[in-house]
Amino acid sequence: MRKALTTLGANRRESAVGGGRWLGAELDRTLIRAGVFDGGGYLLGKAKRSAKPERGMAAVLVRVACCLGDAVDECDLAWEAILGVGLGIAPGALPPGATEPDLRAMEAALASQVPVPVRVDLWARLAAWGIHVTELDRTPDLEAAVFRIF
């Protein structure tokens, strides 16, 4: 099994590859999870908080931004160390009838709350894109693709 996306051992706050860090987050119906990853895909720190969807999508996105900040703080980093954010939205977390423009509006709303570039998309599309990027120079690992997407 790959070590990527697992917590580093004793030196978990030190990057194994390069100096840039990335924030990955997931918005489910009731929970927000965020993690800081180094260039090699190693998890350096994480945070989670409830989504509270009954407050509306604008309030949920404020909570996402707070969760992202918590993850950065957990790693004792400043936002300047973060290269960008990818937020995957689980299908059940979207309002009924949501469309592509709704995702772009969510992206713009979140981008106004954090000081780094943001990409918001359905989590399955982000996972497929990540697999494509990481496995571009070799035969795709079908088991990893199935595990990460489903």
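Residues are numbered from 1 along each chain as its sequence is written, and side-chain values use heavy atoms, with hydrogens and water left out. Because the model is predicted, local features need pLDDT of at least 70 and side-chain atom pairs count only at pLDDT 80 or more, while totals for chains, interfaces and linings use all residues.

Overall, the protein has 4 helices and 5 strands, taken as DSSP runs (H or I, at least four residues, for helices; E, at least two, for strands) and numbered from the N terminus. Along the sequence they follow the pattern β-β-β-α-β-α-β-α-α. Of the 150 residues, 35% count as buried, where buried means under 20% relative accessible area, exposed over 50% and partly exposed in between (1.4 Å probe, protein chains only). Among contacts (heavy atoms within 4.5 Å) with a separation of 6 or more, 54% link residues 24 or more positions apart. The protein exposes about 8600 Å², and carbon and sulfur atoms supply 59% of that; the areas come from the Shrake-Rupley method with a 1.4 Å probe, and for residues only the protein chains shown count as cover.

Strand β2 (residues 31-38) pairs with both β1 and β3, pairing being called when DSSP finds at least two bridges between two strands. On one side, β1 (residues 21-27) runs antiparallel to β2 with 7 bridges, and L23 has V36 of β2 as its bridge partner. The hairpin from β1 to β2 passes through 3 residues. On the other pairing, β2 and β3 (residues 43-50) are antiparallel over 7 bridges, with G35 partnered by K46 in β3. Their hairpin has 4 residues between the strands, and G41 there takes a positive phi near 85°. Since 6 of its 8 residues are buried, β2 is largely enclosed by the rest of the structure.

Helix α2 (residues 100-111) has 12 residues and reaches 16 Å from first C-alpha to last, close to the 16 Å expected at 1.5 Å a residue (1.5 Å times one less than the number of residues). Its buried residues are L103, M106, E107 and L110.

As for the cysteines, the count is 0 disulfides, a disulfide being a pair of cysteine sulfur atoms within 2.5 Å. The sulfur of C66 lies 8.7 Å from the closest cysteine sulfur, in C67, which is too far for a bond. C66 is partly exposed at 34% relative accessible area, whereas C75 is buried at 3%.
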